[in-house]
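Here are my notes on the model, as numbered points. Please read them with the structure open.

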Amino acid sequence: MITDTALLAAAVRNNADWCDTMGRAHGLTGSFGARAWTSPRRAPRYYPDAVTLTADARAEDFLDLVDRTAPGACVKDSYARCDLSAAGLAPLFDARWIHRPAGLPRPAPDDTWRPVTTPAGLAAWALAWSGGDTEDAELFRPALLADPATTILAGHDADGRILGGAVLTASAGVTGVSNLFTAAGVPVSSAWTAALAAAAPGLPVVGYESGDDLDAALAEGFRTLGELRVWLDA
């Protein structure tokens, strides 16, 4: 049986892979080092410029490899072990890594939830994800549709309205779930059900959440693995 330590490492790497994929969709080239993933140019909005990959990562492993010429550089301390305050960064938020064992029953597929496959479909999905904010919606670019490890999932009602969505990333022997959302009045459990049904059979499902979103994930059979902290260079 895979240990919690190995599951946490897989969740961390899977999330770093997704950050790297998002960066590449914006024309950026990130680098995986022994202890951290880094982007030498400023990462897309809401995404980190560095992600620690090991519990023993320290500031010297990544801070000099990211762009700090202007405020706003962001670091995801995946193990909540780094104190970056002396380097001028401040905590932005804390969250918990989550994991749903591979052996738990998966929901049956729902054909009203299906992968996004076209740029127009992605644009509509991104606008729903952003709550109508066009600047935020531009984060999701068509290049993501060509990535074999990425599935962007959307749920629709009978009139074609987007009810919710999620991003699934298959890497590191797990399926990562991120950017999960539902439209107003739609229970978040419907998005989790669809994401779990779409995840690769036989693999653990991982991600990270906080607050009410964490409670919703725990209700779907997830359990916590460890803490993470995101730091911002103000």
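1. Two strands pair if DSSP finds at least two bridges between them. Helices (H or I, at least four residues) and strands (E, at least two) are DSSP runs, numbered from the N terminus. By that rule, strand S5 and strand S10 (residues 205–209) are paired, antiparallel, over five bridges. Arg96 has Glu209 as its bridge partner in S10.

2. A word on the source. This is a predicted model: local features need pLDDT of at least 70, side-chain atom pairs count only at pLDDT 80 or more, and totals for chains, interfaces and linings use all residues. Residues are numbered from 1 along each chain as its sequence is written, and side-chain values use heavy atoms, with hydrogens and water left out.

3. Overall form. The protein chain has five helices and 11 strands. Its radius of gyration is 17 Å, close to the 17 Å that the globule rule gives for 234 residues, so the chain is as compact as a globular protein of that length. The radius is taken over C-alpha atoms, and the rule is 2.2 Å times the number of residues to the power 0.38. The C-alpha trace spans about 55 × 40 × 30 Å along its principal axes.

4. Burial and contacts. Buried means under 20% relative accessible area, exposed over 50%, and partly exposed in between (1.4 Å probe, protein chains only). Of the 234 residues, 46% count as buried. Contact means heavy atoms within 4.5 Å. Among contacts with a separation of 6 or more, 67% come from residues 24 or more positions apart.

5. Back to S5. Which strand does S5 (residues 89–100) join through 10 bridges? The partner is strand S11 (residues 223–233), and the two run antiparallel. Ile98 stands opposite Thr224 in S11.

6. Leu89 also belongs to S5. Its relative accessibility is 4%, so Leu89 counts as buried. Beyond its neighbours within four places in sequence, Leu89 is in contact with Leu63, Arg68, Val75, Leu84, Trp231, Leu232 and Asp233. Leu63 is 26 residues from Leu89 in sequence, and the C-alpha atoms are 10 Å apart.

7. Aromatic pairs. Rings of Phe, Tyr and Trp (its six-membered ring) pair if their centres lie within 6.5 Å; planes under 30 degrees apart count as stacked, over 60 as edge-to-face and the rest as tilted. Trp18 and Tyr47 form one that is edge-to-face, at 6.2 Å centre to centre and 70° between the planes. This pair links distant parts of the chain: Trp18 is in helix H1 (residues 4–25), and Tyr47 is in the loop between strand S2 (36–38) and strand S3 (50–52), 29 residues apart. Trp18 counts as buried at 3% relative accessibility. Tyr47 is buried too, at 9%.

8. A second pair ties S5 to S10. The ring centres of Trp97 and Tyr208 are 5.4 Å apart and the planes are at 75°, so this pair is edge-to-face. Trp97 sits in strand S5 and Tyr208 in strand S10, 111 residues apart. Are these two residues buried or partly exposed? Trp97 counts as buried at 1% relative accessibility, while Tyr208 counts as partly exposed at 23%.

9. Other ring features. Ring pairs link Trp125, Trp129, Phe140 and Phe181 into a cluster. Arg13 lies over the face of Phe32, at 3.9 Å from the ring centre. The cut-offs there: NZ of Lys or CZ of Arg within 6 Å of the ring centre and within 35 degrees of the ring normal.

10. Helix H1 again. Thr21 is placed in this helix. Thr21 counts as buried, at 7% relative accessibility. Not counting residues up to four places away in sequence, Thr21 touches Leu144, Asp147 and Thr150.

11. Cysteines. Cys74 is buried at 11% relative accessibility, and Cys82 is buried at 8%.
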